[in-house]
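Hi everyone, thanks for coming. Let me put the structure up, and then I'll walk you through a few parts of it.

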Amino acid sequence: MTTPAPLAITHLTVAYGDKTVLWDITWQAAPGLTAIVGPNGAGKSTLLRAALGLIPSIAGEARFFGRGLAEVRNRVGYLPQRASVDWDFPATALDVVCMSRYPRMRWWGRVPKAERDAALGALEQVGLADLADRQIGRLSGGQQQRVFLARALAQDADLYLMDEPFAAVDAATEQAIIAVLRRVVASGRSVIAVHHDLSTVPSYFDQVLLLNGRAVAAGSIKSAFTPDAIARAYGGRLNVLEQAVAEGGLR
Amino acid sequence: MTALDFLRLDLPALLAAILACGTCGLLGSFLVLRRDSLLGDALSHAVLPGIIAGFALTGARAGLPMLLGALAAALLAVVAISLVRRVARLESGAATGAVFTSFFALGLMLMEATGARSVDLDLDCVLFGQLESVVWLEAQGFGSLLDPTALAALPRQLFLLAAVATVLAGLVALLWRPLHLLCFDPDYAAAIGLPARGLELALNLMVAAAAVAAFEAVGSILVVAMLVCPAAAIRLLTDSYRAQVLGGAALGAALGALGYALAGPLPAAFGQAFSLNAAGVIGTLGGLAVAGAMLLRQLRIAPPKPAVISG
Amino acid sequence: MLGYNTLVVLAGCALLGLACGTVGAFALLRGRALMADAVGHAALPGVVLAAMLVASLGGNPRALPPLLAGAVIAGVLGVLSVQALTRGGRIREDAAIAIVLSSFYALGVALLSHVQTIPQAAQAGLGKFILGQAAAMRAEDALWAGGIAAFSVLLCLILFQRLRAACFDPDHARVMGLSVARTDLALLGLIVIVAVAGLQAVGLVLVVALLILPAATARLLTHRLPVLLLVSASLGALAGALGAAASAFESEWPTGAAVVLAGAIFFTLALLLAPERGLLPEALRRIHRRIAATESHFLRAAWEAQEAAGAGPGTAGDRWTPIAALAAARGWSEAYAARLALWLGLRGLVARAEGEIHLTPRGAAAARRAVRAHRAVELHLLGLGATDIAGADRLADLVEHGLPAEMATRLLAEPSALPQSPHALGPGAFSSQADTLGDSENATRQNFIVRPLRGREADGH
């Protein structure tokens, strides 16, 4: 084995109360752009959150670049599911992006110029530099999602874990986001994203992990994203249309 | 009213009101931003058994044991609330309500049982505050303001209030950015390696400390008014974090001063023999401040609509 | 001997607790319980203003009805204020409740300090409304409070179906054509009524607890709404009566605190002891599960040791197994395995001699059940497409104890058969050690890591 994988999960088992959500996941992510795909309740977000230690796991561990998370915290970026923040919160787009760099600044006083510039750079990457001073509630949904993407990018990490980066955005924003992700990967970094839309998996991603409580299949799109594996992951819950899309996407 | 009266009776109380309300106003913003205002309600009530226990154990109405007892009780209440939420599967408001009323009731009973009440920590202090009893009888004139022995005889509540206010202001400045992120997105704070749980605990203890320090001055229920009202009023008026936090503190302090003045000294200065409970007036002004901020917000030009251009 | 007055006051407080318990159950389920806190505190200025008004008109400021009317008006104003504050969206309900309860209360405090300077009104003894003083209640007051409480219970019963629909599934209720908004309004009205009725006995500071605590206790004990209502109402009544009794005997005690403490004790007991959700039963269950799992692991290991030796318990080749071998197969320390053997010996499941064990007939039956359950799960998982035998074995170890044995066995095609283990048995095989401790773990883990999943991924490059 040459360089250690960006993310290697061994025997990860997670339960909420009595309900086991992830069963004995062993998986190694290859560098590049990876999708985590599976039906609702398959434990996709849970996998990311447990890997980051945000929820406790019963067994198993996650190693980043061959090390524990605490050692390489700065090399791992995170984009949480766009959900529960208070959009009325007193923070501008720039404030939000700066937040990702808080661990490496001192906790008080003005934001240092270098950090501010890095945050502005990240906003520039997602095309929102001119809205930097706008309060986040006054941005459109797609712009809000891009601010959060910029926040993750500003972490300047080598691996980004993204929880549904395309949730509830319009087609144009989705294209903009995937373009940004491609640039990130082209610069030698890795992205692992929870993804919902089976039809776009082959065109957007290099690798895939099919998840349904267990790891059903993993690997390159060609080898792992097979109709058979998809059917197993979705356990019959995949309707005919989706199935056709999934198969069509492969050809 | 003579200058000496002002120095002996009004100045210490005025200072106490400003310090207590300013400190609460400072921390209130974090409660309101975290949508956890009821925690202020909970902590200001839940500290009572701790205060009584601290008092009963040392037998003296000294600042430190009471403060420590109160912090311990606050910690216990926070733990109890999360336990009740998990085990009884109650929403956080109901869990909070169940816990703090139990703590407060326990405190009231302890007050009877330990005889704390008979001395000078009485029900009236808990319910209405004792701002009027903060007096500086040693003052001989404005010269006393420079006289160390006279200054040492300032009421001890003032020292406690000043110490707590200084420490808390320092902590807020020190934790300025982590607190911002903690209020906005605690999950993300944890994900990028900030000690989110520790910060949350620290914030709770800070609120508890503010509540205890202000408790004697304005009473336990009006602590809630000072924690929530100034912060909520400012919340309606600004979109800046700095303005929110500092504005909350400033508005709190201003309401404290104005309320105290309106309750007695000001009418007296105009020859009206008319005096009200100062803490009550301060709390009422807090409610009016929120109502005023609401009106102001509606009168202001409608904020620009969210931009719909995307891509 | 209890006098007439005391009896009436006790009955009134019990009825009050009953009403609070009933309304509180709905309020809690609908997420409105804290509204009672806002209402209770907001009532203070209403009471004080009413007393001032009555006194200035020359009436008797101690008469309850005008005071309660003032409390109702102020309470309703408080509810309306909460709703007005939250309308903009900027101020959340929690903040709105805190603002209303504290600033209304503050106004009440300021007015109260003024009233104390007015001789006629000061007689009203308004202070008792803050923490409650059942000892100061007259029979007439208790009748009023009891009457209001009875009325609200009656209203709850009449509206039962609607309240249940609104609490249980508001969207469904809306689809069914029931007006949830109107039901909510009725619920708020009920909260105002019971909170106000409780003022004199419990006091405005703590009246909210009488709505929350009995209902929360009942929720810990049952899932069924009618039972929940019954439990909540009776606990409320009991707490009310106990508090009033305490106050009657020890007139200095604030009744509110006594009532709430009684409620808090019930709640704490339920929190600790509730059969299904309580902390203690949960801990016991966890311990029991762990013991049962360990026992079945031991028995299975004993069974499989026999199988590996080519014999079965009760067959010709049946023989004693060294405890050390079992310990090695499961990765336990020998001392631990010996303690387990001792325990199982006491339970009559194994016979022991000289560091060796032998399954008794009962033990053999239990062991067979455990082996069947384990293999059933294991084979089921493999059938589902788990390609990793060791993983399936370990997962079966985790899962089987969560399933009743019959359920696990039902996964097998033929109910009574004992299938072959899908993997080799005995200490040399990589199976069964999945949950091992200590040294053997690393060795096993390496076995797992080279699993088909990664192999497949490697193919992709």
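When I say helix or strand, I mean a DSSP run, numbered from the N terminus: helices are H or I with at least four residues, strands are E with at least two. By that count, chain C has 22 helices and three strands.

Quick housekeeping: this is a predicted model, where local features need pLDDT of at least 70, side-chain atom pairs count only at pLDDT 80 or more, and totals for chains, interfaces and linings use all residues. Residues are numbered from 1 along each chain as its sequence is written, with chains lettered from A and ligands numbered from 1 in the order in which they are written.

Staying with chain C, 52% of its 461 residues are buried, meaning 20 or more other C-beta atoms, placed from the backbone, lie within 10 Å of the residue's own.

Now over to chain A, and a hairpin. Strand S8 (residues 207-212) and S9 of chain A pair in the antiparallel sense over six bridges; pairing takes at least two bridges found by DSSP. A:Asn212 sits opposite A:Arg214 in S9(A). Between the two strands there's one residue, and A:Gly213 has a positive phi near 75° in this hairpin. And is S9(A) mostly covered or uncovered? Covered: seven of the seven residues in 214-220 are buried.

Last stop, where A meets B. Chain A puts in 28 residues and chain B 30, with contact meaning C-beta atoms, placed from the backbone, within 7 Å. On chain A's side, H5(A) gives the largest share, three residues.

Terms used. Contact = placed C-beta atoms within 7 Å. Buried ≥ 20, exposed ≤ 12 C-beta atoms within 10 Å, placed from the backbone.
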